[in-house]
Amino acid sequence: MKMLTHLQSLEAESIQIMREAVSESERPVMLYSVGKDSSVMLHLAVKAFYPSKPPFPLLHVDTTWKFREMYEFRDKLVTELGLDLLIYQNPECIELGINPFTHGSAVHTDMWKTQGLKQALDKYGFDAAFGGARRDEEKARAKERVFSVRSAQHRWDPKQQRPELWHLYNVRRSAGESIRVFPLSNWTELDVWQYIHHEEIPIVPLYFAAPRPVVERDGALIMVDDDRMPLEPNEVPVDRSVRFRTLGCYPLTGAVESDADTLTGIIQEMLLTTSSERQGRVIDHDSSSSMEKKKQEGYF
Amino acid sequence: MSHAATDLLATDIDAYLQLHERKTMLRFITCGSVDDGKSTLIGRLLYDSKLVFEDHLMALEADSKKVGTQGEDLDFALLVDGLAAEREQGITIDVAYRFFSTERRKFVVADTPGHEQYTRNMVTGASTAELAVILVDARSGVLTQTRRHSYLVALLGIKHVVLAVNKLDLVDYSQTVFEAVEADYRTFAADIGLGDITCIPLSALKGDNITELSAHTPWYQGPTLIGHLETVEVEDDIQDGPFRLPVQWVNRPNLDFRGFSGQIVAGSVRPGDRVTVLPSGRESTVAGIVTADGDLDEAVAGQSITVTLTDEVDVSRGDVLAAASEPPAVADQFEAHIIWMDEQEMLPGRPYLMKIGTRIVGATLAHPKYKINVNTLDHTAAKTLELNEIGVANINLDRPVPFDPYEQNRYMGGFILIDRFTNGTVAAGLLHFALRRADNVHWQAIEVNKEAHARLKGQGPCVVWLTGLSGAGKSTIANIVERKLHEMGRHTYLLDGDNVRHGLNRDLGFTDVDRVENIRRVAEVAGLMVDAGLIVLASFISPFRAEREMARQRLEEGEFVEVFVNTPLATAEERDRKGLYAKARRGELANFTGIDSAYEAPLDPEIRIETSQISAEQAADVIIDYLRAARRIL
């Protein structure tokens, strides 16, 4: 008897979820954030529909404040895979010049990401959107559905979540409603890294340690990725060997000091120094911004 | 994580990763209430597997001091309890999924709270679980809730059970207490048909027999909890069964490739295997098993694959590819267990949607034969099922589906019911067997009258009667309305001169007497169709008020919707597509309405359409909007 490994089981489950979503929606889209979870999700999508190409475009809700290496990686990968990539930047943010320094991380994230996402979904009329969120990311996500219904206003109503039994997902929705689909629901951070290792999935080099110019702010190491970042008089960027555990807008993403410059090195370091992943994300530390609240407002 | 593994992690990461990439996965559910120490147990499993991260741990230490119940010790329950906050926010308390991992297995734990909405949540969590950990407090033993949990575990087809006799530290690690609880439980479990049972004495709080055998229980030589979870074999049942692949998606990248994608839910498949496509029953041979990692020699239950066949047989989403030697049965009437999950009670006779495998069909339920008290397992009579109630009822589908009994394969016999209007998931069900014709007699318990016909179709039957001059645009509008209703899944029929005059009424001419008889017959036919539950579109000049009134009288209040399609005679005559007005003017056509025969315009029609002001398309929308407002369609 052949026993599937846990990675094979997770892969098969994610593929089943993606095929269900595509079969029962009119205009699916995959949200692509360039991070490692997006890389895994995209890899699974290529597998799910092979030899066809994934029958949906990718959507990057951009903030213009991502790391430069993320943009390079994104453009190269999409060209190589021959996929459609839609890039959406909230025009209001461009006009107002919304940025994390002047407006703060909460406004920046809400305007570029949450509002931007809603605008993009409305603009293209997508009725199903894949996201890379995992249940292990934090307590509030542990009960999130794989298929999550959103109202025409993109709101999440925790009282209207549908029970999910067996592999039977109810993808039906009323006019205007859309569905968020989370194929990586049952993956943990360790699973994601192991799968990247096993499948040799390309990821943004920022995950690997390298000397990078950083300044220390409020206890976090922030990389000075371009000259848009205003420096305090006493701040001088110093090259330190750092890497990133999660990727987002560079002014909001703390680096960790590390010498791990290989994939196995990263996994080893992660397992030996166990501090959880979202710690590096500045947005989670905003006092009023519980994940629950963000979700209700339409954040992924 | 054992010391050996930690060493390996530090010294040889490649060897460590290889070890971990060979892990298998186990999904289990924990049943019990907070009082049994369930949260503490799950917290302990997460903690002992060392997958509690440093910052979580610091938060745990702080919380334990602040709100913990364990004095200076860590309160593991705080790792998983988020429920108090959820309650305050009014969020539905339901299934939470937690994850932990050892060197041998990854675990997905479905954690359901012990009280509110219990049945619905536990059934949901149990539906994907391969094993159940049922907790009891050693001090209280097997309670009513233990029986309830065990019954649901048995019902949902979980074949492996761990009875975790917890809080053994509070009974001085007494062997006598443990053995009494075990004996009691085994007797009960045998009654409800639970199979493989392992009883383990535990203290989740103190960590006894979780990962290592405890010195406090030298009399116990069985496995530790983790030891058992790591090694129990659970996959044999579905792997050994006959091949089943519900088709999710037809894979057509180009004209030369046609594959069928899905996840195998039973058995295995190899190229060259004979397969049957169900429900059509056509046979073919597997040509290849295609994946992005290359073609496979064999694929087994659990894998998501794409299969190609040697012949060009018709296969679509919703079909099942199955071993030709042992195909599943195909049927449209069943007896099923129904677990009701919606605030709105079950409505026998109402059309629901059923999703089974990858197929969605229409389904109606008969009145339950009985409902089951999950505490006593007694059967009681029931007219309906309410939220969290379980019963047995016959179910009738509008198309046949391939299935295996739930006991044999949960993915071939489990289904959900969806409300057509709210789109919510209202129930889960388990198919056991198809009804033979002889069993169908009691199906007649529901009287098949107009209301029953209408319920089955999910619409309010009525006649939309379009009246107006020849050439006013009645048929054009009626056709658009019918097309739109059809697209909405409504059941309709269009009656007009074309399909009535050539058959039913071909003996009638155009004298006033014949016109009256024509309309009388049309009204009767339309009335019968309303009895059959249809939305009828009748498009007739019907020049006389009295006959239209007669048609109205044939029906019940609200079922007759008179639509006056008003076009000035001059306009109609100018359009004259069929050249009839010209003929009439030339005197070649006698009794032509508007020329030498009267048209009596409606005095108070439900809908009035001025064709000089709106298009036929807009007129159709006016009619659809009216039907919606009148709740004839939803």
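**Figure 1. Left-handed crossing of α2(A) and α6(A).** In this predicted model, helices α2(A) and α6(A) cross in the left-handed sense. The two helices pack with their axes 10 Å apart, at an angle of about 55 degrees. At that angle α2(A) is therefore oblique to α6(A). From α2(A), the residues that make the contact are Lys36(A), Asp37(A), Val40(A) and His43(A). From α6(A), they are Val192(A), Tyr195(A), Ile196(A) and Glu199(A). By class, four of the residues in this contact are nonpolar, one is polar and three are charged.

**Figure 2. The side of chain A that touches chain B.** The contact between the chains draws on 57 residues of chain A and 61 residues of chain B. On the chain A side, four helices each supply at least two residues: α1 (6-23), α2 (36-49), α6 (189-199) and α7 (263-272). The most comes from α1(A), which gives 10 residues. Sorted by class, this side of chain A holds 22 nonpolar, 21 polar and 14 charged residues.

**Figure 3. α7(A) against α2(B).** Helix α2 of chain B spans residues 13-21, and its axis comes within 10 Å of that of α7(A). The crossing angle is roughly 80 degrees, so α7(A) and α2(B) are roughly perpendicular to each other. Thr264(A), Ile267(A) and Gln268(A) are the residues of α7(A) in this contact, and Ile13(B), Asp14(B) and Leu17(B) are those of α2(B). The classes represented are three nonpolar, two polar and one charged.

**Figure 4. α6(A) against α2(B).** The axes of α6(A) and α2(B) come within 11 Å and cross at roughly 105 degrees. This angle makes α6(A) roughly perpendicular to α2(B). On the α6(A) side the view shows Gln194(A), His197(A) and His198(A), which meet Leu17(B), His20(B) and Glu21(B) of α2(B). One residue of the contact is nonpolar, four are polar and one is charged. Leu17(B) takes part here and also in the contact of α2(B) with α7(A).

**Figure 5. An open sheet of five parallel strands in chain B.** The strand order is β25-β26-β24-β27-β28, and the pairing is parallel. From one strand to the next the twist averages 15 degrees. Within the sheet, β24 (residues 462-467) and β26 (residues 535-539) run parallel and are joined by five bridges. Trp465(B) has Ala538(B) of β26(B) as its bridge partner. Helix α16 (residues 512-531) of chain B packs on this sheet and touches β24, β25 and β26. The direction of α16 makes about 165 degrees with that of β26(B).

**Figure 6. The hairpin of β8(B) and β9(B).** Strands β8 (residues 249-254) and β9 (residues 257-263) of chain B pair in the antiparallel sense, over four bridges. A hairpin of two residues joins β8(B) to β9(B). Val250(B) is bridged to Phe260(B), its partner in β9(B).

Figure 7. Most residues other than glycine have a negative phi, and most peptide bonds are trans. In chain A, the peptide bond from Tyr50(A) to Pro51(A) is cis, with omega near 0 degrees. Pro51(A) sits in the loop between α2 and β2 (58-62) of chain A. In chain B, a cis peptide bond joins Leu278(B) to Pro279(B), with omega about 10 degrees. The loop that holds Pro279(B) lies between β11 (274-278) and β12 (282-290) of chain B. Asn423(B), a residue other than glycine, has a positive phi, near 65 degrees. Asn423(B) is in the loop between β22 (414-418) and β23 (425-434) of chain B.

**Figure 8. Confidence along chain A.** Chain A has a mean pLDDT of 86, with 89% of its residues at 70 or more. In residues 281-292 of chain A the pLDDT is below 50. Beyond near neighbours in sequence, this stretch has 23 contacts in the model.

Technical notes. Residues numbered from 1 in each chain as written. Chains lettered and ligands numbered in written order. Predicted model: local features only at pLDDT ≥ 70, side-chain atom pairs only at ≥ 80, totals over all residues. Contact = placed C-beta atoms within 7 Å. Nonpolar A, V, L, I, M, F, W, Y, C, P; charged D, E, K, R; others polar. pLDDT = per-residue confidence, 0-100. Axes fitted to C-alpha atoms, helices over the stretch in contact; angles between N-to-C directions. Parallel < 35°, antiparallel > 145°, perpendicular 65-115°, else oblique. Left-handed = near helix turned anticlockwise from the far one by under 90°. Pairing = 2+ DSSP bridges.
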